[in-house]
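Morning, everyone. Let me put the structure on the screen, and then we will walk through it.

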Amino acid sequence: QVQLVESGGGLVQAGESLRLSCAASGVTRGISAMGWYRQAPGNQRDLVASITLGGVTDYGDSVKGRFTISIDIAKNTVYLQMNSLNAEDTGVYFCNVNYRRSGLQRDSWGQGTQVTVSS
């Protein structure tokens, strides 16, 4: 059973920073990538940032230059450093792990952590 434990969300003022963490368990090998997605009320879940085990990153357009994703392979943990936060960054942030098991590519999701940015 793959489990993702997220931490680091909260309420901050515009311009401040937050760091999210997500630790994966139950998947000791076969991880292809980990990432963060954001869902604001009434909106779909959109990519914030992703990173492969080889260190290749991808960012949503709205966070480029402000957010940085990193991964600690030994700990199966992904981090999201969020700087210069603004009100549009408000939402529930979901951690995702993409991995291969029994010949199939699979996705698992965390339960989400709320990030609220007040302006």
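The sulfur atoms of C22 and C95 sit 2.0 Å apart. A disulfide here is a pair of cysteine sulfur atoms within 2.5 Å. A search of the whole structure finds one such link. C22 is in strand β3 and C95 in strand β9, so the pair ties together parts that lie 73 residues apart in sequence. Strands are DSSP runs of E, at least two residues long, and helices are runs of H or I of at least four; both are numbered from the N terminus. C22 and C95 are both buried. Buried means under 20% relative accessible area, exposed means over 50%, and partly exposed is in between, with a 1.4 Å probe and protein chains only.

A word on the model. It is predicted: local features need pLDDT of at least 70, side-chain atom pairs count only at pLDDT 80 or more, and totals for chains, interfaces and linings use all residues. Residues are numbered from 1 along each chain as its sequence is written, and side-chain values use heavy atoms, with hydrogens and water left out.

Now the core. The largest nonpolar core has 28 residues. Such a core is a set of buried Ala, Val, Leu, Ile, Met, Phe, Trp, Tyr and Cys residues, joined through side-chain atoms within 4.5 Å. M34, W36, L80, M82 and Y93 have the most contacts inside this core. Among the elements that give it two or more residues are β3 (18-25), β4 (31-39), β8 (77-82), β9 (91-101) and β11 (113-118).

Take M82. Contact means heavy atoms within 4.5 Å. Leaving aside neighbours within four places in sequence, M82 is in contact with E16, S17, L18, L20, R66, F67, Y93 and V115.

V115 counts as buried, at 0% relative accessibility. Not counting residues up to four places away in sequence, V115 touches G9, G10, L18, L20, M82, D89, T90, G91 and Y93. V115 and V2 are 113 residues apart in sequence and 24 Å apart in space, C-alpha to C-alpha.

N98 is found in strand β9. Is N98 buried or exposed? N98 is buried, because its relative accessible area is 18%. What does its side chain meet, as a polar contact? The side chain of Q105, at 2.8 Å. A polar contact is a pair of N or O atoms within 3.5 Å; within protein, one must be able to donate a hydrogen and the other to accept it, and residues adjacent in sequence count only if both atoms are side-chain atoms. The backbone oxygen of R106 lies 3.3 Å from a polar atom of the N98 side chain. Beyond four places in sequence, the contacts of N98 include G30, I31, S32, A33 and D107.

For contrast, G65. This residue lies in the loop between β6 (57-59) and β7. G65 counts as exposed, at 84% relative accessibility. G65 and N83 are 18 residues apart in sequence, and 8.9 Å apart in space, C-alpha to C-alpha.

That is the tour. Questions, please.
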